[in-house]
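Student: Could you walk me through some of the labels used for this model? I would like to see each one tested against its cut-offs.

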Amino acid sequence: MSIVTFWNNNKEQCGSTSSCIAVATQMAIEHNMKILLMSTSLNDSLMKDCFWHEKKSRLSGLFGPNTSFVDQNGIEGLDRVIRSNKVSPNIIKDYTKVVLTDRLEILLSLNGEKSQYEAIQQKFSQIMLLANQYYDMVIVDLDKNLNFNIKEEILKNSDLIITLLSQRQKEIEKIMNEREQEKIIRKRNSLYAIGKYVKESKYNVKNISRNILKQRQTINVIPYNHLFFEASQEGNVLDLFLNFLRLNDQADENYQFFNEIKSLSKQINERIKELSQILE
Amino acid sequence: MTISNIILSLVVLGLMGAVIYYYINSKKNAEVVTEIDVDDKTYTLEKMIEFIKRRLDEITKVNLYDIGLSEEELKRRKSKKYELKKALKGCTYGDVNDKKYVKELIFDLLAKEYGVSEMNISKAIPFDVPSLLTAQDKFDILIYIYKREFGYEALGELINKYKLDEFKYIQGETKPCYVITEEEISDIYEKENIVLSFTDKLNVVVQRIYQQYKGYSSIDEVRDMNIDGVSGGVSGLPESFISQVAQTDSTDYLAQIQEHKVQRACDSIWIMFHRKINSYGMFIFWNRSRIKKGLSKYIQIQ
C-alpha cells in the first residue's frame, strides 16, 4: 500500500498527467495490483478521455427518473460525502470509475466552480490516505495549480515522488539544485523522469547524465509517442497498451516507448520495496 | 406491384427510418432536465419542500436494473443508493453526519436543479427585507452565523454574549422568569448587523426545509447544541383539552383560546442551560404531531 505522486514544478508542460496514466495502465496490466489513479485538477477531462468515449446517451432519462445527483462519480460525487464527514476507504471506491476490474480505477477530477475546487482541495490529502487503506497503490496526478501548502502536504504524505522534467538544460539544473537543498522533496523518496522526451535532441539522456547530472546513473525518460497521444483523445489507451505487449522489434519507437514505461514502473516498485524495508 | 410503387415504398420506408433514427439520436444527446414550472409560488418554502420530497423519493426508489448498467457500475450505484437511504433514516435519529449529508444533498438539489438563485431566494425567507423576517427567521440566521464560528457552542455563546439567561420581568407577568422573547431576538439581530452571502442564505433555507421535512422542527438546531436539555409541549393547554372544552360549548373560553389569551402546550420550547430553564417564547411547534415527532426520541435532562 503506497502513494506515488507525479508532479511537475515547471511552467512548461512535461506530460505529467499522460505519464502517470501510462505508468498506471502498464502496472495494472502487468502486475497483480489494485491501483487507484487520482486526479487533482479542475475541469480537466484528459484522464476520462484516455479511457472512455464521451457517453451522451442518458438511458436513465428515458426509462426512469434522473438520479444524476446521487450517482455523480469522481471527486465531484465524493465532495458531498466529504462535506458531511462520511468518507471512509470503502466509500471512496463507490465514486471511482473502473478501467480494469480489480486492477485499475480512476477518481476523476472535479468539474465545477473554482470556489468548490478551493474547498475540496483541502481534503485531497485525506482522500489519498484513506484510499491507500483500500488500494495497493494510489497514483496521484498533482496539479500545478493547487495551493502551495496543499501541494506540500500531498508530497509530504507520498511514499514516492516522480518529478517530471522538461528536456531543457536550465530546468534540469534547477531541479537538481532544489533536490540537493531538499527544498520540497527529499532525495530518498524521489525519482526523476524527462517527459515528452525526444531522443534525437542534443539533450539526450547520455549527454544529460554526463554533462548536467555529472553521474553515471541515467535518468528515466518518457518518450513522446504519437500513437499514445492519439489514443489519449480517443479513449483507446488500454487497447493500445494491450497491443504494445505483443511488440518485439527493439528498433520500433512504440517498443521503445513501452519499454521506458516498463522500466520506470519497475524502478517505482523497487524503490517502494526499498523504502518499506528501511521503514521496517 | 409496379416498379414505381416499390421505389415509392422504399423511399417512404427510408424516410421513416431516418426520422426515427434522428428522433432516437436527439433523445440520446439531449440533456435530461426535470422541468420545473416557474410561477409566483415556485420559490416558496412549501413548494421547495414538495420538490425535495418528490426528488428524494424518486432517487431512492429508482429501479437500477432498468437502466442497463454494467455489473461494476450497478454495484456502485446500489451502494450509493443504500448510503443515501441510510442517511435519510439515520438523520431522523439525530446522527449529525447523516443530517449534514442530507442537507448537502438538499443544497445541491435546490442550487443546481431547482434553480434557486440570489434573485429568488428571498421568496422563501425575506432576507432582503429585514422588517418582514419573523423571530424564527432571525433566530435561524443568528444560530447559523454563530454555528459557523463556534460550532455546537453557538447557542451558549449567544446566550452568554447577550445575557439572555438572566431573570427578567416580561409584560403581563408579576414574577420574574427566565425567558427569551421575540423582541430580544429582534434586538440581537439588529445589533449583529449580519450580511449574508447567497450560500449563507441558501444554507438557512436548507436548514428550514430540513427541519420541516426530516428534522425536529423548531428544536432541530437547538437540540444539537451543547446545552443541558430541551423540552416542549409543556407550555400550556394540550389540544386534547381544547377539544374537550369545545364539546362543553364554553364559547367564552374558546374565544380566549382563539385570541391566544390562553397558553397552548406548543406555544414555546424550553431549554436547560447551565441548570437554568429558559423558555423560548417565539417558537411554536404548530401542532401536536410535530411535538410528538420532535420529542419522541428525546430524553429530558433536568
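Tutor: Gladly! Helices here are DSSP runs of H or I with at least four residues, strands are runs of E with at least two, and both are numbered from the N terminus. I24(B), for one, is placed in helix α1 of chain B. This is a predicted model, where local features need pLDDT of at least 70, side-chain atom pairs count only at pLDDT 80 or more, and totals for chains, interfaces and linings use all residues. Residues are numbered from 1 along each chain as its sequence is written, chains are lettered from A and ligands numbered from 1 in the order in which they are written, and side-chain values use heavy atoms, leaving out hydrogens and water.

Student: Why is I24(B) called partly exposed?

Tutor: Buried means under 20% relative accessible area, exposed means over 50%, and partly exposed is in between (1.4 Å probe, protein chains only). I24(B) has 44% relative accessibility, so it counts as partly exposed.

Student: What makes the pair F228(A) and F257(A) tilted?

Tutor: Rings of Phe, Tyr and Trp (its six-membered ring) pair if their centres lie within 6.5 Å; planes under 30 degrees apart are stacked, over 60 edge-to-face, and the rest tilted. The search of the whole structure gives 14 aromatic pairs over all chains. In this one, F228(A) and F257(A) are 5.4 Å apart centre to centre with 35° between the planes, which is tilted. F228(A) lies in helix α11 and F257(A) in helix α13 of chain A, 29 residues apart, and both are buried.

Student: What makes K34(A) a charge over the ring of Y134(A)?

Tutor: The test asks for NZ of Lys or CZ of Arg within 6 Å of the ring centre and within 35 degrees of the ring normal. The charged end of K34(A) sits over the ring of Y134(A), 4.3 Å from its centre. K97(A) lies over the face of W52(A), with 4.6 Å to the ring centre.

Student: How do you know that α1(A) is mostly covered?

Tutor: Of its 15 residues, 13 are buried.
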